[in-house]
Structure formats: C-alpha cells, structure tokens
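Please read them with the coordinates open.

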Protein chains: 4
Amino acid sequence: MPFHKIINDPVYGFITIDSDLVNHLIAHPYFQRLRRIHQMAMAHLVYPGAVHSRLHHALGAYHLMRCALQELINKGFPISEEELEAAEIAILLHDIGHGPFSHALENTLAEGMHHEEISLLLFKELNQLFEGKLQMAMDIFTDNYPKKFLHQLVSGQLDVDRMDYLTRDSFFTGVNEGVIAYDRILKMLTIHEGELMVEEKGIYSIEKFLVSRRLMYWQVYLHKTVLSAEQMLKRIIKRAKVIHAECPGQLNKFINEPLQNITLQQFCAIDDYDVVMAIKTWCSHPDKILSVLCEGIINRSLFKVKYYNEPVKEAMITEQRHAIMSKLEISEEEATWLAFTGEASSSTYNFENEHIHILFKDGTVKDISEVDDALINENLKGNIKKYYICYLRS
Amino acid sequence: MPFHKIINDPVYGFITIDSDLVNHLIAHPYFQRLRRIHQMAMAHLVYPGAVHSRLHHALGAYHLMRCALQELINKGFPISEEELEAAEIAILLHDIGHGPFSHALENTLAEGMHHEEISLLLFKELNQLFEGKLQMAMDIFTDNYPKKFLHQLVSGQLDVDRMDYLTRDSFFTGVNEGVIAYDRILKMLTIHEGELMVEEKGIYSIEKFLVSRRLMYWQVYLHKTVLSAEQMLKRIIKRAKVIHAECPGQLNKFINEPLQNITLQQFCAIDDYDVVMAIKTWCSHPDKILSVLCEGIINRSLFKVKYYNEPVKEAMITEQRHAIMSKLEISEEEATWLAFTGEASSSTYNFENEHIHILFKDGTVKDISEVDDALINENLKGNIKKYYICYLRS
Amino acid sequence: MPFHKIINDPVYGFITIDSDLVNHLIAHPYFQRLRRIHQMAMAHLVYPGAVHSRLHHALGAYHLMRCALQELINKGFPISEEELEAAEIAILLHDIGHGPFSHALENTLAEGMHHEEISLLLFKELNQLFEGKLQMAMDIFTDNYPKKFLHQLVSGQLDVDRMDYLTRDSFFTGVNEGVIAYDRILKMLTIHEGELMVEEKGIYSIEKFLVSRRLMYWQVYLHKTVLSAEQMLKRIIKRAKVIHAECPGQLNKFINEPLQNITLQQFCAIDDYDVVMAIKTWCSHPDKILSVLCEGIINRSLFKVKYYNEPVKEAMITEQRHAIMSKLEISEEEATWLAFTGEASSSTYNFENEHIHILFKDGTVKDISEVDDALINENLKGNIKKYYICYLRS
Amino acid sequence: MPFHKIINDPVYGFITIDSDLVNHLIAHPYFQRLRRIHQMAMAHLVYPGAVHSRLHHALGAYHLMRCALQELINKGFPISEEELEAAEIAILLHDIGHGPFSHALENTLAEGMHHEEISLLLFKELNQLFEGKLQMAMDIFTDNYPKKFLHQLVSGQLDVDRMDYLTRDSFFTGVNEGVIAYDRILKMLTIHEGELMVEEKGIYSIEKFLVSRRLMYWQVYLHKTVLSAEQMLKRIIKRAKVIHAECPGQLNKFINEPLQNITLQQFCAIDDYDVVMAIKTWCSHPDKILSVLCEGIINRSLFKVKYYNEPVKEAMITEQRHAIMSKLEISEEEATWLAFTGEASSSTYNFENEHIHILFKDGTVKDISEVDDALINENLKGNIKKYYICYLRS
C-alpha cells in the first residue's frame, strides 16, 4: 500500500500526506519547532482564539498547494509527480526560518536577518541531510525552476501562503469577514505562457480576496491593541540588549552576544517559549523600563494606542513622556521607551511590484486593475499609511 | 408561561417567536402563501440549492430585526416593547405583496403594480382583521413613525431585508463569497439624532458588505444563465397574454383578463405553482414561440446569453434572428421573441438616494464614501451597466 | 482540454462533473424533472429550509461516490476509469424513478409500484438512448457486477445515498445534530474480500452515524407535524380517487384511470407541482373531506398528532370522530378520513438484513454490533415502533 | 451608557461582557494566566489546531451560562440580575485553580492537590480583593446557594463547562463528530422543583450529547498518541523530582522543594511555559531517562502505545524493557520509566453519581436511562476501561 496519512485540520477537514519524503520533513525537529511559534504573535491578546502555530499554517499552505496543482492537472496542464512533490516541499518549508514570534521580532532578535534568508540556509542543510532530494524544491523556492508558475504559487500575489494565512487567521480569530473563497480561487487558476493567471469568471473572487486582505490588516494585524503588544514585545528585546539583561536558556546568547557568534543550530533552539520565559523572569528585573514592559505583556496591561491620518504632533508625545517621567521617576531618555510614535502601513495590492493577471476567454490578458469597472484601482493602490502614538497609560 | 416558539433555521440556528400576534400573522394564509414563492426565482437552475422560499426570507429578516433592536436596547437606546413588536411585524410583512417568482415577473403578471403597493394593501387588510393592532407597524413600514431609524431598519441602505437576503442567498447558493458579517454589522449599529448609523470601527465591515453585494449581483443575481431563464420566464407570460393562451387555475384571469377585474384575494391565490403548471401545460401549445420557451424552462435548455460593455450590434441580433427564422419556420416578428437584447445593471451603493452614515467617536458624522482612504467612492458609485444578447441556441 | 464543469453546492462546496456522459445524463429531462420533486416532501412545513430537491440529493450522492472511490483508489484498490464512471452513473440515477413527493406518495399515486422498479425501467430506457453505455452502471445498480462493493456503495448500510441524505437533510433543516462525519467515514472505508468494510479506527464514527440516523428519524422524518402533513397528503390522493375528483394536467389520469393505462412518459410528466396545483384546485371542491384536507395543507392548518408507546385506545379515536361528525355534519365513515390511527417505525440498524463490517488491523472481521463495548447492540436493534392518533382539530 | 464589550470567538461568534465586575475579574493576572495553559495539554501533537487556552474555555463556558440563564428567564423562571452575575462569575472562575498542562500534570506537580481546591482558595482571595462581591458566586460554586440549578449549571451532568469543552475541543481539533447541539440543549433546559432538567423533546439531543462525549474520549482525549505524550510529560516531572534536576524560574521550587513551602502566589506564577522551558533545558541533562523523555516531547518522537481489552501480559512489558536496557545501557529499574503499562477509562454517563432528568409534558420525571427505548442504559453505563502498554520505540 502507498504511504498515506491524514491529519485533522479544523479549517480544511483533512490534510493528506502521501509522500514518504514529505512525512520525514514534517517529523524533522526543525519543522516540529514551528509548533512553538505563534502564527499571529500577540494577536491572541485581542482575539483569544488566535493561538495557532506556524506549523499549522505550513501544513495548511501545503494542503492548498496540493489542491491548486490538482486543479491545474485536471485542466490538462502537465505537472509531473516529481514537480508536485517539489512544490509541496517548497511551500512546506517556506517559513522554516521564522524565529520566535515571527514578524513581530524579525530583525530585532537577529538584527539584519530576514526569515527568507534563514529559510534558505535551513533548506540547504536539509537538502544535504536528505541527499539532494530537495533540490527541485529549492529551485522552485528561489525562482530558478523553469515552470515559473510553481514559484508564483509559493510566493506571489496569489500564492497559497497568503491564501492559507488569510483563511486560517480569519478562522482562528473568528473574524469571519476575512474569509476568502480560497476554494473558488483555486478553481479559477490557470496557466498562460508559463505564468499563473486567473480565469475571467474569477474576477469578483479576486476583488473580494483583496478587500478581505485590506480588512484583515486594519481589523486584525494592525488592530490598535495588537500593535501595542507587538511594539512592547520589540522594545523588551531591545531594552534587554541595551542593559544586558540575563535570561534562561539559549535566548541569552541572542541578547548578550553579537549575532556572528550564533550558529544556525542555536537559532533553531529558540522559540516563543524562550521569549515568554525571559519576559516572565524580567517582570522583577531592577530596570524599571524592562519590568514595566514585561509586566504589561504578562498581565495584559497594554499601552494605549491612537491612530491618526497625519504624523503625531510633538506636543502630544512630550506630554505623555512627562507624565510617565514623574510617575515612574525616570529620565526623559528612559521615557522614550514607554511613549513613542510610529507608522503602520498596509498595501492591499501593490501596483509597483507584481501583478494579478486575468486571462479572458478570447485569450487576452489584463491586469486586475485594468479590467472594466474594476474595483481595484485607485483606491486599493499603493500603501495606506497611518500614524500612531503608543504610551503607558497613566 | 409567556408565548414561546422556536423555528429551526439553517442560517441562524433558531428563530424565536415570543409574541402571540406575530405568531398569528405567520399562521395567516397570506403569509403561508409565501412558502410557494421562490426567493430567488430561477437562480436554482444554476445554483441547485437556491430553492428557499420568500417565507423563509421574511422569517430571517424578522430574526435580524430582533437582534438589531436588542443590540440597540443593550446600548441604552430607548425602544419600547410595543415598538419592538411593531418593527418585527413591519419587516415580517414587508414582502407580503410579492407575486409568483417575485421580481422576475413583477410588473409582467400584474402590469404597473409594484410589490410594495400590494404589500401595503395587504397590510391594511390584515390591520382590519387584527382590529388595528398593526397600525404602528404600518406607520414604520410607510415611514410615518417618529423614530425614523425603525423604518431605516425595514428599508434603507442597511436594512435587515438586505442583510438577510445577502446572507441567505449566499448560504443556499453556496457562494460563500457573498457572506456578509451580519452579526458584526448589527453590533456596530447605533443611533444619532434619530437616524441609524454605524460606529467608526464598523467601517471595514460596511465596505465588505457593499463589495459582497456587488459580487452577488454579478455572480448570482445577474449570472448569464439566471438572466436567461428569467428573461424566458417573462416572455412566456407576455406571449401567453398576446395569444390568449389558456391555463389551469386562477392564473388564467391574469393572462386573459384586464387587471382591474382581479381582486386582491385572487392575487393572493396564485404563486409559483400556478406559473409552473401553466408552463408545463404550454409545452405542447400550438404556438411555437410559447412552446419553445416553455420547454426550455421545463427541460433547462436555456437561451444563450453574452454580456458586453457596449450596446449589442444590430448585425449580431439580426444574424441570430435569421437563424431562428429558418430553423423554426417563423416570421421575423416572431423571432424577436426568441432572440433579443437588453441591459442589466446593479448599483452597489447609490450616491443619489440614501446614505450610510458613520458616527465617529468624536461625534462627527461622515458618509461612508467620504471617510479617509475610502474604498467606496468612485468605483462603487452609481450603476454599472452591461448589455446582453439572449437567443435560442441553434 | 478534458470535459470539466463545476456546480456550487452549499453542502460540499463544489461538485465536479468531468465525464461527458454524466453531463448528458444530468441534462436529460428525466433527471431535470427531479428538480420539481421535494427531497423531504412536507418536512418544510416544520423546517422551512427543507425545500431542497431530489435532483440536489442525486448530485450530492454522486459527489460522495466520487470521493469514496477516490479514497479507495488512493489506498491502492484497483478501480478502473470505466468502473468509476459506471458507479457515478448508478448513484446519479438511483432515485430517478421517484414520483411526486417521493416516499410520501409512493404506493399511493401509483399503487403497487416502488420507486426502485420505476428507476430500473427508466434506467433501461436511458441505456437504449445512450446506446448501451449505461450497461455497467445498471449491473452495479442491480447487484450483478462482480465487484460487490460498488453496489454496496449505491445501496447498503453504508451507501452514499444514506450519507448524502442525512448530511443534506441536516443541513437544510438546520438540525445540526443530524450531521454525520461523512468525510471521516469515507476515509475509513476499505475493501476486504470484495466487500465494503470500515477500518477499526472508524468504529466511533459509525456509531455516531447510526445514532444520528436514529435522531433524524424521530426528530425530523417522523416529527409529529411532518407525519400529520404527509398523512393528510396521502389521504388527499386516496380521497380524490374514491370520489373521482378532476384536476388539471396529467395527474388527472393517475387519479381517474387504472394504472395500466399510464405510460412511463406520463409518469415522468408529473411532479410536486401537479399535486400542489390539484390540491389548490380542490380547496373549493364540494366534497367536504377533500376540501378540508386540501385547505389544511395549503394554509398549514395541520391535523393534531399524538404519539404513544402502545396502540391507541378505541375510545380515543371514537371521541375525535364524533366531534368531527357533529362539527362538519358528516357521516362516521367520512369522519374516518379526518381522524385515524397508525404506526410509525424506524430501524436504526437492522440486524436481520445487512451488516456493517469492521476490519481489524489483525485481519479479523466483526459486525459493528459485536465489537467490544459496542454501543450498537440491543438498544439500536430492530425497529422502534410508535403508535399515533391523527385528527382534525376541533 | 451601560458597560458593554464584545470579544470575538470563532466558536460562538461574539461573547458579550456587560458587567463591570466580570470585566475586572477577566483583567486580573490570575485569570490572564490561564492564557498560558493549554486547554488540551498535549493533544495538539495529534490535532495541530488544539492549541486553545484554558482562558478561552472559561470565556466560552461563561457565554453558555449567559445563554442558558437567558433561556430560563424567557421561559418565565425567576432569576435576578444579581444571581445572573453571580452564576457568570462562578463559571468564569471554575477552572482558575488549574496548573500547567491542567489535568495532565494535576496531582503530579502539586501532589495531592486537586484543581478544585486551588480554585476555591483563589476564589476566596479574589473575594477579599473585591470586597465580598463574589460571595454569591462562591456559594453557587460550592453548592451552598438555595437555587440548586445554578450550581448544576456550573458542575453537573449537563453543566456549561462540559458543553463548552466538548464544543470547543471538537472545533479546534477539527473532529466534527464531537460537535454537540449545545444551542438546542440550552433551549431544552427547564427547572422542576429547583433542579435543572431537560424537556421531553430534548431526549434525542441528550443522547447525542452523551454519545459525542464517548467519541471524544476515545478518539481524542485518550487517543494513543495523546496518551503517550501525556504519560511522558508526567514522567518527566516525576523523574526530575527524583533526581533533583534544576530548571529555570519558579518551577524549580515545585521540583526541588516540599509542597508546603510553596505559596498560592508561587503556584500562580507557573504555567505551561515554565514546564516547556524546563523540558527544553533537560533535553541535554546527563540523566538518560530524563533527556530521552524530554527530547521525545520536544521533537515529537513519542512512545509507542497499544490498547488492550485485558491487562497487558507481564512478558510483553519485560521484553520491551530488556530491549531498552541494552539499547540505552541502563538498569531494569531505569527501564521502568521508559516502558510501562496502565489503565485508561472513560465513563460516558455515570449511573452511580448524578442523573440527567427528563421532565415530561404530563409532569412526570424520569432519568434519561429509564425512558422508553432508551439508548443510554446498559451500554453507556459505568466506566469503559482499557489497558495499555507504552514504551520507547527501539
């Protein structure tokens, strides 16, 4: 009997594994480690259901890749067994380089390192371990495989990564409005001159997909309270580095040693648990800045956030800092850790970079922003930027 | 014990009836008759699940009215028990004047009569029967009640009618993309100076609601095949009137006598069943036009429809008519029944008429199209119009 | 490109048709006619959402057959393309012989005829029309095909017919408790010595399936009010036959002529619409019995039903009949039409006939009722029978 | 405006908080700490979605309590505003005494202490803090409040605790078969002589509820792999105590000091994060037993489990131990940590203790196991017990 295993998924019902290699990759400690990294960092402080892991997302994206390719095969496009498995692996491992709290601490814990680079390093190590069997998957991942649409499914405007995280994050937060018709979008995919496109009758589904993403950004990912918690989290790590705070486990190296001292294995040894334990430890740290931030996260006393359409006035931030200075008896410089401003932005459909192409029945191709009566043009164009102030409540 | 009855609804779980008067209205033959009228006319020929009745929709809208008012009461707005029941009745009966196949045959079976007028006539008759107990409900229905927001919930840009039909039609067609976050919208409703408004944080939900409506129009209500079937249906009735075709039951009066001969009771005696039986009967009618149209509906051999962004060229329609003339051996005038053109249009958010108002935390009020970074402005403005040709396949 | 068509289904998402032959069968008037037959007869009078058609059920069962066979193929059991298509067709047409209101009027409209026999007649006719291409499907349908499990999937304790109707009826009634884990059951199916079995780890799912069926019987199919409406419907047809009531359309032949005069084509010409129109016509029939029954159905003034664990006492029924006699001024014989008793029974898992076999990992096979700690034995054994009285409310 | 806050919940949609006191309790660190305790301990190793927290469960049970009481109020039973809030608090805090990994480590980390006792201690402390405002809630919790049904809703055969955890655990595992019709059960609740009962027409829903629980036990809670992980977890803590292994943070006290040295505050300082960090630390512990167990959990290399209907034979366990002894070069005593046997049992409906009472329309009361044609009697009676062997794979 061929290898066959099913995993229960509340989002898609069942996820099927029928490749021995895929099964071994899932069982590898590098992949299992993703269990201990929240997919949505601190969003669960607002949406208590949003505690799903990055491992779960990787499995979900893998499942959608299978569905997408099956649809394309059914439509008569040639995709070999080998390519199918390689694409499955490429998406399975696309996020393997994520560190603790994913995006929220990216570039903070390991400054200057993006998760894609680390993913690629881990990809290479696993390829060695599995004797070169991951080569085609790596080529797809790095966009060096001739069938360009395979890479586009891994990373592009319509990739299964995005489709899974929007679907999954909607599901676990309970924000039903973010739900996208992933099943319909998958059925509308097609290939034209080697590129991934959408059939004409899928236009409305794509519009809805882009509007859902816009909504998820402002209602969930950049929700005031989520932003507050993630900004606090970032500052905890930064402050700990500045004052050389000690913490248990391997995380200590990341806080107190230069990045070049750290090996890939050490990177893979830390996860959300190390960070939360450090935060719990630091709740009673003598440094007031650090302990205030840490207690805020642990007991969910989060900083106040207000959004504005224009940059925050200097006077406003000064007022908050002064209040904090006298309350905590700290210096102005120290108060900048507990009251600060910033920008948040989301681009729903970025015109500069990549495009969603619609293939019409008569063979013509148009960008989604150029079809007649398009919803997606001026309004969803470019970045929407908002300004915020974030400060300890007095 | 107070009156208490629950009805299972696959969309909302349970619908509760706890007013004796509401219960009696539901039991009345005028209301029960709505069981025999499809909510979505011929849409089930494309979406086989879309066979739900107008009675079901009325019950659903009634349920949402209860939920909406309960939210407003919880927020501290004064709404009396009497007003609650009156608003429930107003929405329960808002569609009671619909005839067979609702919108699809409106103005065709009973020319020049809109269902709102008939609803009002029936409302009056029921008010007499129930000894004036429906007076406040009628005042709300006709917008003559001082608390304007009650009427706006029955009929307005954010009424529970629309919220239920979008939700219900999405559910029964299986077009999940049309799903709106009715529960969230209800929670975001508020009242300001007597008018229904939406709280600031509900903006994205409203955008999504309007985009869903746009999608439902083009993907479902104006789907090519649905349009075809409904145009065929209309022409069956028109043709039957022209050639004085006989049919069983009370419908015969509508076909063969002037409208002024028909009583309200006779109007209430006909429903989808009369029309379908007439169509079945006419499948073997000697008039070729009539029998071709009727067989098409019964056996689901529907006319071909093509949409265009510009008016259909004369040559195109002439070509189709000539093909039909020689195929069926009929005259050019006759062929105009079986090959014709038309316009379909939907307005997602009509700027001219009514407005969705957003109430900001600072007390200011803006139209949804005027908030910063609004999605809903130029693009969703006014009507989108498409042109179509529809003809018997050769 | 291979033939490929998708149908939206609110229950399963999408149903895929990828065989030209299947597509032609679906388009045939015999199949399209199932659109006009309610899957659940009169249940919508209690559960307003339960208006789905027998066509929808046939499509759903077809979808589950595809899923079931795909699972079995994935597990390595040999099933050819031809067998796959034949099994799809066998289930698609399994109910094609149903008449108006399905089971509710079976054996009443066409006395002595079961829908399976008519299905077979229609199967044969279609086989001729399609030049013998349905032969293998017919062999599977009639259990004359060597791979016995294919027939068992069409008709057996674990057939996809049952799985679809339980799932679909739960969905449309909103009785979520009837929901079965069809997807899990399908994943647990296996084949042993040519017979359909369930893997060991599927035991709890099967138990749940049987308990759900039990619940659906008593809560939905034999719900007091549903029973009442269906008994009234039966009596309408019987009474019409006795008094030779006239009605429009082809139904008149069924009422007023011997069965042998009726052709298969005439049988296929009638559906729920004919019966409802007849009932509407008879609401004003001079025969009091007939008009009372018909008005009851049309206006939903249904007879009272009470269930008992023992046969209803003679005195009770006599009392009701006397009340009706004096109320309507009718004879005792006539009153028996409006007050009567009966038995209702359901068998959850019938021990006599067929068996659900569990295949254990060690290769042994046990009946579901014989596994250790079985839930399904004495209690779900045989028929549960209840007695009822049903009468016109006074 | 009255206090009003909503929380998104993927299971119930929205959870409403409209009491200031409830809001303050939720914000308290003792309650927030439940965010860091998995509701289902190690079940996520099999069901990746099952990562929801005990805080989420507490909020869910609180929501069901509100729904249940609202139904009873609608049915005319007198329940005061004060009682409503007290019952809400009683259920909100019912699990506040849970420690890391809840049941899995109960009685292991803090030997001899049950979570109910600790809950009560914390309840008392919070009552002091909130100046006696939790007194009625405590009386309900400890069954000292006259309206007995309030306690039964907190803790009894039909309590909202159970209803929430079955619903929520089904939802997050994706085991749809465990879904119970909580909404219908709530609508069927009634009170008779001060006790919580179920209306006659709710019998089938209750049966389904009990069968679902049975299924959830064997398919999820006692799933072989879940059992394995939880047994390994228990042994990690036990082994650490035996060999006095050191670990970071407050957990160290629990491992290395007698229970009487530990304060309630210290108990509240530890959660799943402490335990997982300790396990990560111990992966490289010199004690082979401890490091093997810890690595097994972190990398998901779980022990093999086999279930039997009879006690496991001595020879079988000896064989496994010998294999481990030679593989790891350890003593027989040490091998008993890595190969062992045990019993697992579930009682679906325990006849000894408490009863589910059905209130019939005629006023009689019967136990669910005594109604006619009861499903729930011999078969679901008492405990089902299974025996298992659990050992390190060689």
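1. In chain A, 4 strands make up an open sheet of mixed pairing, in the order β3-β4-β7-β8, where strands (E, at least two residues) and helices (H or I, at least four) are DSSP runs numbered from the N terminus, and two strands pair if DSSP finds at least two bridges between them. The edges are taken by β3 (189-192) and β8 (365-367) of chain A, each with a single partner strand, so one side of each has no neighbour in the sheet. On average, neighbouring strands of this sheet are turned by 45° against each other, direction ignored, the axes being lines fitted to C-alpha atoms and angles running from 0 to 180 degrees between N-to-C directions.

2. This is a predicted model, in which local features need pLDDT of at least 70 and side-chain atom pairs count only at pLDDT 80 or more, while totals for chains, interfaces and linings use all residues. Residues are numbered from 1 along each chain as its sequence is written, and chains are lettered from A and ligands numbered from 1 in the order in which they are written.

3. Within the sheet, β4 (residues 195-199) and β7 (residues 357-359) of chain A pair in the parallel sense over 2 bridges, and A:V198 stands opposite A:I358 in β7(A).

4. Helix α17 (residues 314-328) of chain A has 15 residues and reaches 21 Å from its first C-alpha to its last, close to the 21 Å expected, that is, 1.5 Å times one less than its number of residues. Its buried residues (20 or more other C-beta atoms within 10 Å of their own, C-beta atoms being placed from the backbone) are A:Q320, A:R321 and A:I324. Seen down the axis of α17(A), these fall within an arc of 100°, so they line one face of the helix, the arc being that of the directions from the helix axis to the C-beta atoms. On the other side of α17(A), A:E314, A:A315 and A:S326 are exposed, which requires 12 or fewer such neighbours. After α17(A) comes A:E329, with a positive phi near 55°.

5. Between chains A and D, 31 residues of chain A are in contact with 31 residues of chain D, contact requiring C-beta atoms, placed from the backbone, within 7 Å. On the side of chain A that touches chain D, α15(A) gives the most, with 6 residues.

6. The contact between chains A and C takes 12 residues from each, and β2 (13-17) and α10 (182-188) of chain A each supply at least two residues of the chain A side.

Methods. Contact = placed C-beta atoms within 7 Å.
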